[in-house]
Amino acid sequence: QVRPVESGGGSVQAGESLKLACTIYGSADRSSCMAWFRQIPGQEREGVAGIYTRRSQYYADSVKGRFTISQSDLKDMVYLQMDNLRPSDSGMYHCAVVACTTYGSLVEWVRNPSAGYWGPGTQVTVSS
């Protein structure tokens, strides 16, 4: 069974950077999509960034130009580089993996996640 585990969260000031990492235990299929989501208490889970291949990435409008998602060649690690952080970026960040075969299915999944293997999350707090 695929089991993602996140790390790298913490507390920073606005404008600073953090890099999240997700280790994918088990055997993620090479056709898998991976993504980062964030959850704020009382709000719906928000898709932040997703990756299907190195040239097929999706970003929510709120993070475009500030966040970069990447993955290892073996697809056993996925990263989220977060620059110029804002207080509105605060939340619990979850890594997830799902089988997918097209860029379109990646986008649909990140916007409307209803399946996949999810990690327990890592907290990011950005102070103004």
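The structure holds 2 aromatic pairs, and it is a predicted model.

**Stop 1: the aromatic rings**

Select F37 and W109. The ring centres of F37 and W109 are 5.4 Å apart and their planes stand at 75 degrees, so this pair is edge-to-face.

An edge-to-face pair needs planes over 60 degrees apart and a stacked pair needs planes under 30 degrees apart. Because F37 lies in strand 4 and W118 in strand 10 (residues 117-118), this pair ties together parts that are 81 residues apart in sequence.

Colouring by accessibility brings out a further feature of the pair. F37 is buried, at a relative accessible area of 0%, whereas W118 is partly exposed, at 27%. With F37, W109 and W118 displayed together, the view shows a cluster linked by ring pairs.

**Stop 2: charges over rings**

The charged end of R45 sits over the ring of W118, at 4.0 Å from the ring centre. Then select R3 and Y25: R3 lies over the face of Y25, 4.9 Å from the centre of that ring.

**Stop 3: the buried side of helix 1**

Return to W109 and show helix 1. Which residues of helix 1 are buried? They are L106, V107, W109 and V110. These residues cover an arc of only 165 degrees around the axis, so they lie on the same side of helix 1. To see what this side faces, display strand 4, strand 5 (46-53), strand 6 and strand 9: the buried residues of helix 1 pack against these strands.

**Stop 4: the salt bridges**

Turn next to the charged side chains. How many salt bridges does the structure hold? There are 4.

Select R38 and E46. They form a salt bridge in which the closest N and O atoms are 2.9 Å apart. R38 is buried, at 4% relative accessibility, while E46 is partly exposed, at 29%.

Now select D89 and R66. Their side chains meet in a salt bridge with an N to O distance of 2.7 Å. This pair links distant parts of the chain, 23 residues apart: D89 is in the loop between strand 8 (77-82) and strand 9 (91-99), and R66 is in the loop between strand 6 (56-59) and strand 7 (67-71). Are these two residues buried or exposed? D89 and R66 are both buried.

Display R38, E46, R66 and D89 together: a network of salt bridges links these residues.

For the last stop, select D61 and K64. D61 forms a salt bridge with K64, and the closest N and O atoms are 3.2 Å apart. Both residues of this pair, D61 and K64, are exposed.

Key:
Residues are numbered from 1 along each chain as its sequence is written. This is a predicted model: local features need pLDDT of at least 70, side-chain atom pairs count only at pLDDT 80 or more; totals for chains, interfaces and linings use all residues. Side-chain values use heavy atoms; hydrogens and water are left out. Buried means under 20% relative accessible area, exposed over 50%, partly exposed in between (1.4 Å probe, protein chains only). Helices (H or I, at least four residues) and strands (E, at least two) are DSSP runs, numbered from the N terminus. Rings of Phe, Tyr and Trp (its six-membered ring) pair if their centres lie within 6.5 Å; planes under 30 degrees apart count as stacked, over 60 as edge-to-face and the rest as tilted. A charge sits over a ring if NZ of Lys or CZ of Arg is within 6 Å of the ring centre and within 35 degrees of the ring normal. The arc is that of the directions from the helix axis to the C-beta atoms. Contact means heavy atoms within 4.5 Å.
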